[in-house]
Amino acid sequence: MLFRDVNLELMNKVLGAASLRHKVIANNIANVNTPGYRSKEVAFDKEFEEALGNGRAEDALRVEPKLFSPDTGTTRMDGNNVDMEKELARLQKNATIYNVIAQMIGKRLASYKEAIGGSSD
Amino acid sequence: MGFNRMFSVLDVSSSGLSAERTRMDVIAGNIANAQTTRTPEGGPYRRKLVVFSSVLDEEMSIAESGGKDLGGVKVVNIVPSTEEFQRVHAPGHPDADKDGYVMMPNVNTVYEMVDMMSASRAYQANLAVVDTFREMLSRTLAIGR
C-alpha cells in the first residue's frame, strides 16, 4: 500500500453505517402499517465513539453496525411500534450526517489530488 | 456491497409506496361500493381489507448483520371483512325483504376516510425517504468530482 489514511477509513466506516441506517429507516417507514412489525435501529455510534474517544482508531475501524429492535411499547392495536414522526426526524438527522461525511471525504480526496497534480480542478 | 445494492433503499421505499397505493385502491373500491346491494357472488358488497407483511431481503450480505430483515413490505392478501351487513329499513327498495328491510354493505365510510388519510400519509412518508435518498446519492457522486 502506497500510503494509509486512517481518517479516510474512519469516515468511510461512518458513511457505511449511515447508509445502512437509511435503509433501516426506509424499511421501518415502509412497514408503518404492517401488523406486528417491530421497528428496527442500527447500533453503531456509541461503540464507535467510545473506541475513538480512547484513541484506539484501529478498534473503531473494527466496529460493525448492528441491527436491533428496541424494546419500546406500543399503544397501537396491531402491535406495530413504528413511530412515524420519530422515523422521519431520524431520517433527516441521518441524511445530514451522511451528506457532511460525504463532503468531507470529497474534500480530503481533492486535497490529495491537489498535492499530486497541482490543481484540484 | 455490490453496485445494485446501493439502490436497495429505493426497492424498500417503492415496496412501501406500492403497498400503500394498493390499500388506497381497495379503500376507493369500498367507498364506491358503499351502497351496492347486488354482487356477482350474491348479496350486498363486502368491505375488503388489505393484509400487509414485511419481507426478507435474501440478497443482503451477511456482513450487515440482521440486514436480511430489510426487504420492505408487500400486500400478501386482500380479504373480505367478516363484519355484519347493515340492515336498513327501506320498503321501496327492489332488494327489500318481505318486512321492508334491505341488507346494505358492511362499509362504514367514516372508517374508510380515516384509513384513506392513514394510507395517504404513509405514502408521503415513503416519498420523503426517496427524496432524501436522492440528495444523499448526489452527495455521494460529488465525492468523485
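**Figure 1. Order of elements in chain B.** From its N terminus, chain B runs α-β-β-β-β-α, which amounts to two helices and four strands. The model shown here and in every following view is predicted. Of the 145 residues in chain B, 26% are buried. Among contacts in chain B between residues at least 6 apart in sequence, 62% join residues at least 24 apart. The average pLDDT of chain B is 87, and 88% of the residues score at least 70. For the complex, the predictor gives an ipTM of 0.76 and a pTM of 0.82. Where pLDDT is low, the predicted coordinates should not be read in detail.

**Figure 2. Order of elements and overall extent of chain A.** Chain A contains four helices and two strands, arranged from the N terminus as α-β-α-α-β-α. Its radius of gyration is 18 Å, whereas the globule rule gives 14 Å for 121 residues, so chain A is more spread out than a compact globule. Taken along the principal axes, the C-alpha atoms of chain A fill a box of roughly 65 × 35 × 20 Å. Buried residues account for 32% of the 121 residues in chain A. Of the contacts in chain A with a separation of 6 or more, 69% are between residues 24 or more positions apart.

**Figure 3. The contact between chain A and chain B.** Chain B contributes 31 residues to the contact and chain A contributes 30 residues. On the side of chain B that touches chain A, at least two residues each are supplied by helix 1 (8-32), strand 1 (48-54) and helix 2 (109-142) of chain B. Helix 2 of chain B provides the largest share of that side, twelve residues. By class, the side of chain B that touches chain A comprises 13 nonpolar, 13 polar and five charged residues.

**Figure 4. Helix 2 of chain B and its surroundings.** The 34 residues of helix 2 of chain B should span 50 Å at 1.5 Å a residue, and the end C-alpha atoms of this helix are 50 Å apart, which agrees. The buried residues of helix 2 of chain B are Ala119(B), Ala122(B), Ala125(B), Asn126(B), Val129(B), Thr132(B), Phe133(B) and Met136(B). An α-helix has 3.6 residues a turn, so residues three or four places apart point the same way. The cover over the buried residues of helix 2 of chain B includes helix 1 (6-30) and helix 4 (84-117) of chain A, together with helix 1 of chain B. Leaving aside neighbours within four places in sequence, Val129(B) is in contact with Ile25(A), Ala26(A), Ile29(A), Leu91(A) and Ser13(B).

**Figure 5. Helix 4 of chain A and its surroundings.** Helix 4 of chain A has 34 residues and reaches 49 Å from its first C-alpha to its last, close to the 50 Å expected at 1.5 Å a residue. Buried in helix 4 of chain A are Glu87(A), Leu91(A), Asn94(A), Ala95(A), Tyr98(A), Ile101(A), Ala102(A) and Ile105(A). Helix 1 of chain A and helix 2 of chain B are included in what covers these buried residues. Ile97(A) is also found in helix 4 of chain A, but this residue is partly exposed, with 17 other C-beta atoms within 10 Å. Although 90 residues separate Ile97(A) and Asn7(A) along the chain, their C-alpha atoms are 16 Å apart.

**Figure 6. The largest nonpolar core.** This core holds 39 residues, of which Leu15(A), Ala26(A), Ile29(A), Tyr98(A), Ile101(A) and Val129(B) touch the most other members. At least two residues of the core come from each of helix 1 and helix 4 of chain A, and likewise from each of helix 1, strand 1 and helix 2 of chain B. Helix 1 of chain A supplies the largest share, ten residues. In soluble globular proteins, nonpolar side chains tend to be buried together.

**Figure 7. The setting of Ala17(A).** Ala17(A) has its place in helix 1 of chain A. Ala17(A) counts as buried because 24 C-beta neighbours lie inside 10 Å. Not counting residues up to four places away in sequence, Ala17(A) touches Val42(A), Phe44(A) and Pro65(A). Met77(A), 60 residues from Ala17(A) in sequence, is 33 Å away in space, C-alpha to C-alpha.

Conventions: Residues numbered from 1 in each chain as written. Chains lettered and ligands numbered in written order. Predicted model: local features only at pLDDT ≥ 70, side-chain atom pairs only at ≥ 80, totals over all residues. Rg over C-alpha atoms; globule rule 2.2 N^0.38 Å. Buried ≥ 20, exposed ≤ 12 C-beta atoms within 10 Å, placed from the backbone. Contact = placed C-beta atoms within 7 Å. Nonpolar A, V, L, I, M, F, W, Y, C, P; charged D, E, K, R; others polar. Expected span 1.5 Å × (residues − 1). Core = buried A, V, L, I, M, F, W, Y, C linked by C-beta atoms within 7 Å. pLDDT = per-residue confidence, 0-100.
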